[in-house]
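Thank you all for making the time this morning. I would like to walk you through one structure, slowly and piece by piece, so please have the sequence and the picture open while I talk.

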Amino acid sequence: MILTGSKIKREIKKGNIVVDPFFENQLNPNSYDFRLGSTLKVYKNKILDVKKYNPVEIFEIPKTGYVLNPDKVYLGHTIEIMGSKRFVPIIRGKSSIGRLGLFIHITSDLIDVGSINQWTLMLHAVQKIKVYPGMLIGQVTFWVVKGEVVLYNGKYQGSKGPQESQI
C-alpha cells in the first residue's frame, strides 16, 4: 500500500519518515519531490571492472548548469536526507525529466527500509541535457511493509553525496 501525500506529511511529523529539509510545496498526492545535489562523480575509465575499484572524477555542478552526455553514467545525489525505519521508499524520475530523456536511476529504485541518507542517483541521458543544482529531479513514494522488518545496515548507510560502487 502506497502512502498519500497527507499521510507522508503526518509520518514525517511523527518521525517515522525522514525528509530533511522538508518543504510542503514539494509534497504531491502520493509522493515527495526531491532535488539534485551539487556534486557529481564520473568514472574515469572507459571500461569498468566489476571486480575492482573504479576511480572517479568529482566535480560541482555550476549554478549555470552542466551538460550530461549520453555516453556516461553520472553519479549524483539528493539534497535531501531521506528514509524510514517503518516504510519502504521507492524513487522515480519526475515525468517531466523523463520526457526529456534523463533517467535518474538505472536499476536501483528500491531503497531498503532503514536506509537513511542522501541517496545516490545514477544519471543517464538519452541525449545531451543540461542539469542544475537544486532542480526538482525525482520523487519518492513510501510503501507499507508486511512481515518482520530487518533494517538496512549496509555499506552505504548514512552516506552524503554521490557514492560510487563499492563492489
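**Rings, charges and a loop**

Let me begin with phenylalanine 59, which counts as buried because its relative accessibility is 16%. Before I go further, please keep in mind that what you are looking at is a predicted model.

Phenylalanine 59 has a ring partner in tyrosine 66, and the two form a tilted aromatic pair, with 4.9 Å from centre to centre and 45° between the planes. Tyrosine 66 itself is partly exposed, since its relative accessible area is 26%. Tyrosine 66 also pairs with tyrosine 74, this time edge-to-face, with the centres 6.2 Å apart and the planes at 75°. Tyrosine 74, for its part, is buried, at 0% relative accessibility. If you put these pieces together, Phe59, Tyr66 and Tyr74 make up one aromatic cluster, and the structure as a whole holds 3 aromatic pairs.

Let me turn now from rings to charges. As a general point, side chains that carry opposite charges can pair when their charged atoms come close. How many salt bridges does the structure hold? The number is 8, and I will take you through some of them.

One of them joins the side chains of arginine 35 and glutamate 80, with 2.7 Å from N to O. Arginine 35 belongs to strand β2, residues 32–35, while glutamate 80 belongs to strand β6, residues 74–84, so this pair ties together parts of the chain that are 45 residues apart in sequence. Are these two residues buried or exposed? Arginine 35 is buried, with a relative accessible area of 15%, and glutamate 80 is buried as well, at 0% relative accessibility.

Another salt bridge brings together the side chains of glutamate 164 and lysine 41, at 2.6 Å from N to O. Here glutamate 164 sits in the segment after β11, which spans 136–144, and lysine 41 sits in strand β3, so the parts that are tied together lie 123 residues apart in sequence. Glutamate 164 counts as buried because its relative accessibility is 13%, and lysine 41 counts as buried at 11%.

A further salt bridge links lysine 46 with aspartate 71, where the closest N and O atoms are 4.0 Å apart. Lysine 46 is in the loop between β3 and β4, whereas aspartate 71 is in the loop between β5 (66–68) and β6, so this pair ties together parts that are 25 residues apart in sequence. In this case, both lysine 46 and aspartate 71 are exposed. Finally on this topic, Lys7, Glu11 and Lys14 are linked to one another in a network of salt bridges.

That brings me back to the loop between β3 and β4, where I would like to look at asparagine 54, with β3 running over 39–43 and β4 over 56–60. Which backbone atoms does the side chain of asparagine 54 reach? One is the backbone nitrogen of aspartate 49, at 3.0 Å, and another is the backbone oxygen of lysine 52, at 3.1 Å. Asparagine 54 is buried, because its relative accessible area is 12%. If we set aside the neighbours within four places in sequence, asparagine 54 is in contact with Tyr43, Ile47, Leu48 and Asp49.

Lysine 51 lies in the loop between β3 and β4 too, but lysine 51 counts as exposed, with 77% relative accessibility. To give you a sense of distance, the C-alpha atom of lysine 51 is separated by 29 Å from that of arginine 92, which is 41 residues away along the chain.

My last stop is strand β7, residues 87–93, which is mostly covered, with 5 of its 7 residues buried. What does β7 pair with, and in which direction? Its partner here is β11, the two strands run antiparallel, and 7 bridges join them.

Note on methods. Residues are numbered from 1 along each chain as its sequence is written. This is a predicted model: local features need pLDDT of at least 70, side-chain atom pairs count only at pLDDT 80 or more; totals for chains, interfaces and linings use all residues. Side-chain values use heavy atoms; hydrogens and water are left out. Helices (H or I, at least four residues) and strands (E, at least two) are DSSP runs, numbered from the N terminus. Buried means under 20% relative accessible area, exposed over 50%, partly exposed in between (1.4 Å probe, protein chains only). A polar contact is a pair of N or O atoms within 3.5 Å; within protein, one must be able to donate a hydrogen and the other to accept it, and residues adjacent in sequence count only if both atoms are side-chain atoms. Contact means heavy atoms within 4.5 Å. Rings of Phe, Tyr and Trp (its six-membered ring) pair if their centres lie within 6.5 Å; planes under 30 degrees apart count as stacked, over 60 as edge-to-face and the rest as tilted. Two strands pair if DSSP finds at least two bridges between them.
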